[in-house]
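This report describes selected local features of one protein model. It considers loop residues, then helix packing.

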Amino acid sequence: MLKRKNYWLLFAILLLSLTSLSPSMELSTSNDPRPMKRPQSQSTHPSSGDEGTIDSLHIRVSLNSEEFSELELLSNSYTLESGVKVILSNVDMEDADEVLKHDLTIGDSPDIVMADGRSILDWATRGYLLPMDVYQSVPGSAPLTQLIPWMQWNGYNWGVPLDIDPYVLVYSPQRLAELGFNALPKSLEEWNILLQNVLKEQGKYLLAMDTRNPYGLSAVMESMNSSLLADNQNVLNWIQNARSYFYLTSRYNKDVWDMLQGGSVAVASLPLSEWQKHGNSSLAAVPALTANNGGGFESCYSRSFALPAQSQSPKEAVNWLTFITSEDAQLDWLENTGSLPALDVLYRSEHAFKYKLPFDVELLLTEETAPEDESQGGWSKVVEAVSLLLTGQIDAEGYKEFLKEGLK
């Protein structure tokens, strides 16, 4: 009898030992009750999130007041359907990049963040995001084909696009006629002739664009049958020599519209959304997207959602994303904000896409994919290189070297 009791005692000790080794019972040596998490290692599968229901989701976005109000309405509908409270915080667009860096790299983060779609892979490859499809196979419906390479890496999807905003080249036909052109230049040679004609008048500018992102310059380069990543020495040399006749700003500037109509600026590279708000019959807008350059989505800005590696409720976060990027929600977003949807099906649907555009909607449906040079991230380096080139801090050769080092 005694021997049998000893067996039970040994079994109990063994059971306690195994329990102490369980990964769910890790002990923290930190005095901080919620120590900061490290970026996720991409070599292992992330957990599937907290089981059971949650009380709330924290989501950080960067939208104008009209867009933010619409997102609040959509989120309220999700709350009514799911019972999950959604806490939205809106960041000023001028501060969005710095706040995003803070959210992803320092301290506790929201469950969902908004970012430039081209920067998603930068953060994913550095380990600061969670893959979407671990928590649900297909968040929402399929986005436009050209957006897909911006979101996919290492066999996972790392972002969900909300909308797109292609850049267009805006000009006054009357002013361009005074400069000897009846249409916008379509080659480097024609742009150079336009520049020479502008130089004959003092105090006039050839181009207007901002330096916050590369999309404005990209649209101009695409009209020259080139691109930001193309090793086109002639185009880069031209930009270097012509940049003193660019009207550059570090933020959106409404004065550009008066300058276009007054003739002090020949052409402005602007987001389509701004053209929809401020364009008029005295001005014209031409897309950088053309059938000749395969859609050229390089000059198309897209806002996307992503899951920070520190997200507390990734599974529920993806449920919210599925709701917000559904076909019905995207149609509401288009109708109430004017922002173009990111869903492919809305441009191919039976009722057809009826939103007034200054270009053929078919240009958004190209099957071309993003260049391989940038497929593993590196967009932040492109952003920095363009800013340095436009502001004269590097020359054409310096631009090429900067990208060569940054995209290794």
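Predicted model: local features only at pLDDT ≥ 70, side-chain atom pairs only at ≥ 80, totals over all residues.

Asn154 sits in the loop that links strand S5 (152–153) to strand S6 (156–157). Most residues other than glycine have a negative phi.

Asn225 likewise has a positive phi, near 60 degrees, and is not a glycine. Asn225 belongs to the loop between helix H7 (215–223) and helix H8 (233–242). With a relative accessibility of 58%, Asn225 counts as exposed, because the value is over 50%.

A further loop residue, Gly378, is found between strand S13 (340–341) and helix H13 (379–390). Gly378 is buried, since its relative accessible area of 14% is under 20%. Leaving aside residues up to four places away in sequence, Gly378 touches Asp122 and Leu407. The C-alpha atoms of Gly378 and Gly406 are 6.7 Å apart, although 28 residues separate the two in sequence.

| Residue | Relative accessible area | Class |
|---|---|---|
| Asn225 | 58% | exposed |
| Gly378 | 14% | buried |

**Helices H13 and H14**

Helix H13 packs against helix H14 (residues 396–406), their axes coming within 10 Å and crossing at roughly 170 degrees. Because this angle is over 145 degrees, H13 is roughly antiparallel to H14. The crossing of the two helices is right-handed. On the H13 side, the contact involves Lys381, Val382, Glu384, Ala385, Val386, Leu388 and Leu389, which meet Ala396, Tyr399, Phe402, Leu403 and Gly406 of H14. By class, the residues of this contact comprise nine nonpolar, one polar and two charged. Gly406, one of the contact residues in H14, is also the residue whose C-alpha lies 6.7 Å from that of Gly378.

Helix H12 (residues 327–337) has as its buried residues Ala329, Gln330, Trp333, Leu334 and Thr337. These residues lie on the same side of H12, because they cover an arc of only 140 degrees around the axis. Asp328 and Glu335, on the other side of H12, are exposed. The cover over the buried residues of H12 includes helix H2 (65–82), strand S7 (160–171), strand S12 (300–308), helix H11 (314–324) and S13. After H12 comes Gly338, with a positive phi near 85 degrees.

Among the covering elements is H2, whose axis comes within 10 Å of that of H12 and crosses it at roughly 150 degrees. This angle is over 145 degrees, so H2 is roughly antiparallel to H12. The two helices cross in a right-handed sense. The residues in contact are Glu66, Glu67, Glu70, Leu71 and Leu74 from H2, together with Ala329, Asp332, Trp333, Asn336 and Thr337 from H12. The contact of H2 with H12 contains four nonpolar, two polar and four charged residues. Ala329, Trp333 and Thr337 of H12 take part in this contact and are among the buried residues of the helix.

Terms used
Residues numbered from 1 in each chain as written. Heavy atoms only, no water. Helix = DSSP H or I, 4+ residues; strand = E, 2+ residues; numbered from the N terminus. Buried < 20%, exposed > 50% of the residue type's maximum accessible area, 1.4 Å probe, protein only. Contact = heavy atoms within 4.5 Å. Arc of directions from axis to C-beta. Axes fitted to C-alpha atoms, helices over the stretch in contact; angles between N-to-C directions. Parallel < 35°, antiparallel > 145°, perpendicular 65-115°, else oblique. Left-handed = near helix turned anticlockwise from the far one by under 90°. Nonpolar A, V, L, I, M, F, W, Y, C, P; charged D, E, K, R; others polar.
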